[in-house]
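The exercises below are to be worked with the sequence and the coordinates side by side. Each task is followed by a solution that goes step by step.

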Amino acid sequence: MPELPEVETVRRGLQRLLKGELIKGVDVRETRLRYPVDTRRLRRELPGRRVKSLGRRAKYLLIRLEEDGSREEAFLVIHLGMSGRIYFSEPGETPQLHTHVIFSISGDRELHFRDPRRFGMVDLVPAALLDEDKRFSNLGVEPLSDECSAEYFFERSRKLRQPVKNFLMDGRRVVGVGNIYASEALFLAGVHPQRAAGRVSLKSWGRITAVVKEVLAEAIRQGGTTLNDFQGPDGTAGYFQVLLRVYGRGGEECLECGSIIRRKVLSGRSTFYCPRCQR
Ligand SMILES: [Zn+2]
């Protein structure tokens with residue numbers, strides 16, 4: 001499943017290739033995605049519009065479209081779901097199986113949205129209504145923003161008995177901290193994943209916050225290095241691969257102290273930790 005760093009990598013790639021370009025048309029081949037695709041609306045709103053910028057909120061790509069006559073500024077919102085990919089096809093290439101939406105772009109290029117499992121989405125939201133859209137209004141802070149700080153977590157976690165790992169993975173507080181990143185960040189910060197969030201000190205929140213930002217930024221940097229694949233003939237987006245210190249290493253030795261890494265299921269998710277390094 002694409003995580004935040006991968007979506008950010010895709011955003012950067014699209015920013016380079018799509019900003020300032022004209023969308024000439026749209027071909028919806030399958031409407032049954034996570035939310036039904038509104039074909040008529042896309043046909044009415046997209047053709048003839050210029051892409052102003054490429055943004056991202058959580059794992060949503062926000063393609064900002066310039067206002068155009070009576071058509072007000074809007075966002076083409078794309079979510080990759082579990083298995084979605086968005087990429088420029090090669091000229092004359094037959095669309096691959098599971099290509100659900102094709103955008104024609106100036107210069108005779110085609111941007112393909114492909115999603116075998118169909119948990120993704122393609123939608124259009126007027127810019128003025130984005131903040132109140134229910135998909136965005138309850139989202140927590142962006143992990144790489146200044147708003148995401150030790151104080152922010154400390155204040156919101158007081159008196160909570162919820163395990164700190166579950167607290168970190170709750171998208172209403174902070175977006176984009178998935179299972180792997182939460183496990184890794186708590187290991188690097190030396191905090192046991194089951195510790196009550198309300199009992200994590202400001203100092204520990206400082207370490208956790210710094211590590212969350214570092215791990216995500218590193219994943220984005222690594223995604224960036226494989227960005228060339230983005231335009232490759234197979235049309236797949238670049239993947240990132242970071243060194244995993246605890247995740248998936250249950251039963252193996254801790255890289256720091258040699259203790260055996262444990263695996264536990266917390267809220268249905270595999271959680272890995274070192275019993276000695278994490279208290
Ligand atoms: Zn250890």
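Buried means under 20% relative accessible area, exposed means over 50%, and partly exposed lies in between, with a 1.4 Å probe and protein chains only. This is a predicted model in which local features need pLDDT of at least 70 and side-chain atom pairs count only at pLDDT 80 or more, whereas totals for chains, interfaces and linings use all residues. Residues are numbered from 1 along each chain as its sequence is written, and side-chain values use heavy atoms, with hydrogens and water left out.

**Exercise 1. The metal site**

Determine which residues coordinate the zinc ion, and at what distances.

Solution. Begin with the donors, which are N, O and S atoms within 2.8 Å of the metal (3.2 Å for Na, K and Ca); water is not among the atoms, so sites may look incomplete. The SG atoms of C254, C257, C274 and C277 coordinate the zinc ion at 2.2 to 2.4 Å, and along the chain these donors follow the spacing C-x2-C-x16-C-x2-C. Next, take the geometry: four donors count as tetrahedral if all angles lie between 85 and 135 degrees. Because the four donor atoms subtend angles of 101 to 114 degrees around the zinc ion, the arrangement is tetrahedral.

**Exercise 2. The nonpolar cores**

Identify the residues with the most contacts inside the largest nonpolar core.

Solution. A nonpolar core is a set of buried Ala, Val, Leu, Ile, Met, Phe, Trp, Tyr and Cys residues joined through side-chain atoms within 4.5 Å. The largest has 30 residues, and I78 and F103 have the most contacts inside it. Helix 1 (residues 4-18) gives the most to this core, with five residues. Apart from it lies another core of 25 residues, including V141, C148, L168 and A197.

How values were computed: Four donors count as tetrahedral if all angles lie between 85 and 135 degrees; four count as square planar and six as octahedral if opposite donors are over 155 degrees apart and all others between 65 and 115; anything else is irregular. Helices (H or I, at least four residues) and strands (E, at least two) are DSSP runs, numbered from the N terminus.
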